[in-house]
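Student: Please take a close look at a single part of this structure, and then relate that part to the chain around it.

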Amino acid sequence: MDKQVKDLLAQAQAAARRAYAPYSDFQVGAALLLADGSVSLGCNVENASYGATVCAERVAVFAACAAGKIGPEQPPQMMAVTALPCALCLQVLAEFALPELPIWVLGQAVGEPRRFTLQELLPHSFKL
């Protein structure tokens, strides 16, 4: 595993520590490497109205979009997360990323950091 991956995983872990998860106590962090070399961070933010909860991966994508740093001409280059992404987050990523996007996962479900692609985790994304 190269230094860039280790750094991105460390940033995802730091973001997880900032999660607001009073209901599940399950803190998740995400670090999204953007085309310009910057990193967009996200953490899960829960709400008493569970449907209003937002996952770390979507927070990172939405922050990058709001900053004007992600889009069809600027797809993200890599993502690191501290848990396996849910299908909703993967579909949001599919809107902006190429199917080959490397997604590094560090968490109990996978043990040691493991590399997937967006295509592997979401083989049949919804496309218009």
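Tutor: Start with Cys86, which is partly exposed, with a relative accessibility of 34%. On this scale, buried is under 20% relative accessible area, exposed is over 50%, and partly exposed lies in between, with a 1.4 Å probe and protein chains only. The model is predicted, so local features need pLDDT of at least 70 and side-chain atom pairs count only at pLDDT 80 or more, while totals for chains, interfaces and linings use all residues. Residues are numbered from 1 along each chain as its sequence is written, and side-chain values use heavy atoms, with hydrogens and water left out.

The closest cysteine sulfur to that of Cys86 belongs to Cys89, at 3.6 Å, which is too far for a bond. A disulfide here is a pair of cysteine sulfur atoms within 2.5 Å, and the structure holds 0 disulfides. Cys65 is also in no disulfide: its nearest cysteine sulfur, again that of Cys89, is 15 Å away. Cys65 counts as partly exposed, at 39% relative accessibility.

Cys89 itself sits in helix H3 (residues 87-96), where it is buried along with Leu90, Val92, Leu93 and Ala94. Helices (H or I, at least four residues) and strands (E, at least two) are DSSP runs, numbered from the N terminus. The cover over the buried residues of H3 includes strands E1 (29-33), E3 (78-81) and E4 (102-107), together with helices H2 and H4 (118-121).

Helix H2 spans residues 56-66 and contains Glu57. Glu57 is buried but has no salt bridge, and the nearest side chain of opposite charge, that of Arg58, is 6.4 Å away. A salt bridge requires a side-chain nitrogen of Lys or Arg within 4 Å of a carboxyl oxygen of Asp or Glu; Lys and Arg count as positive, Asp and Glu as negative, and His and the chain ends are not counted. Neighbours within four places in sequence aside, Glu57 is in contact (heavy atoms within 4.5 Å) with Cys89, and also with Ala30, Met79, Val81, Ala83, Leu84 and Pro85.

As for the whole chain, there are 4 helices and 5 strands, in the order α-β-β-α-β-α-β-β-α along the sequence. Of the 128 residues, 43% are buried. Among contacts with a separation of 6 or more, 53% join residues 24 or more positions apart. The C-alpha atoms fill a box of roughly 35 × 35 × 30 Å, taken along the principal axes.
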